[in-house]
Amino acid sequence: MIKEEKVLSNIQGAIFDLDGTLLDSMHIWSEIGLKFLQNEGITPPPGASEEFVKLSLVQAAEYYIKHYAPDKTVMDIVKSINALVEDFYFKQVLLKDGVIEFLEYLKKKNVKMCIATATDKYMVEKALERNGIREYFSEIFTCTTVGAGKDTPVIYDKALEHLGTDKSNTFVFEDALYAIETAHKAGYKIVGINDVSEPADPEKVKEFCSVYINEYSEIYKYF
């Protein structure tokens, strides 16, 4: 539930999602599942892209093997999907407005920061380095490396353990409703980020958030 008081004034740790939260990149994931199926000669059914963006890469691969491509292995599909998005992460993806300024603000407050994302680490590293923000994060946790998607809180728990901060003063920054619900149910405080390329119902998202913003310029009033 959204609170108007300065709920971020005592923040010690920040666990950031990547796509749609730090990077303007969610649109690539809404397209890529369909492109993969089309490359395999499969006509995507209605709702296929919505299913894809809710899954980790491994989960997506398992989903496609079950429904469309039983002759493929998980690693075959993961490699194929990554190959479709590598160029975007290596050369094109940009930060959302106000990200650098906000990360610098947190750094000056000695807030510990790490990333929890479904995107594979080698692409995350390239995108962060090219956009000049890798230095702000002590670690990058991915659904692949922790062995679980964001339908469970494993990745957030691993990130919290790494940061070593108190859970009550550690905030998860997320844009996806399903991930926000997962983190909330596990007892995390949430900063919800609106992403215009993959908009969730703001009123539904706000039910689980301490803070909800459309852009980072709005967040400073909560400190």
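Q: In this predicted model, a pocket is an open set of 1 Å grid points over the protein atoms alone that fit a 1.4 Å probe and have protein on both sides within 12 Å along at least five of seven lines, and its lining residues have an atom within 4 Å of a point. Which residues line the second largest pocket?
A: Local features need pLDDT of at least 70, side-chain atom pairs 80 or more, while totals for chains, interfaces and linings use all residues. Residues are numbered from 1 along each chain as its sequence is written, and side-chain values use heavy atoms, without hydrogens and water. The lining consists of Asp24, Leu95, Lys96, Asp97, Ile193, Asn194, Asp195, Val196, Asn214, Glu215 and Tyr216.

Q: Is Thr117 buried or exposed?
A: Thr117 belongs to strand β2, residues 112–117 (a DSSP run of E, at least two residues). Beyond four places in sequence, Thr117 is in contact (heavy atoms within 4.5 Å) with residues including Asp17, Leu18, Ile140 and Phe141. Because its relative accessibility is 0%, and the limit is under 20% with a 1.4 Å probe on protein chains only, Thr117 is buried.

Q: How far apart are Leu8 and Thr152 in space, C-alpha to C-alpha?
A: Leu8 lies in the segment before β1 (13–16) and, having 0% relative accessibility, is buried. Among the residues that Leu8 touches beyond four places in sequence are Phe171, Val191 and Tyr222. Thr152 is 144 residues away from Leu8 in sequence, and the separation in space is 25 Å.

Q: Which residues of α4 are buried?
A: Helix α4 covers residues 74–92 (a DSSP run of H or I, at least four residues). Its buried residues are Ile77, Val78, Ile81, Asn82, Val85, Phe88 and Tyr89.

Key. Buried < 20%, exposed > 50% of the residue type's maximum accessible area, 1.4 Å probe, protein only. Expected span 1.5 Å × (residues − 1).
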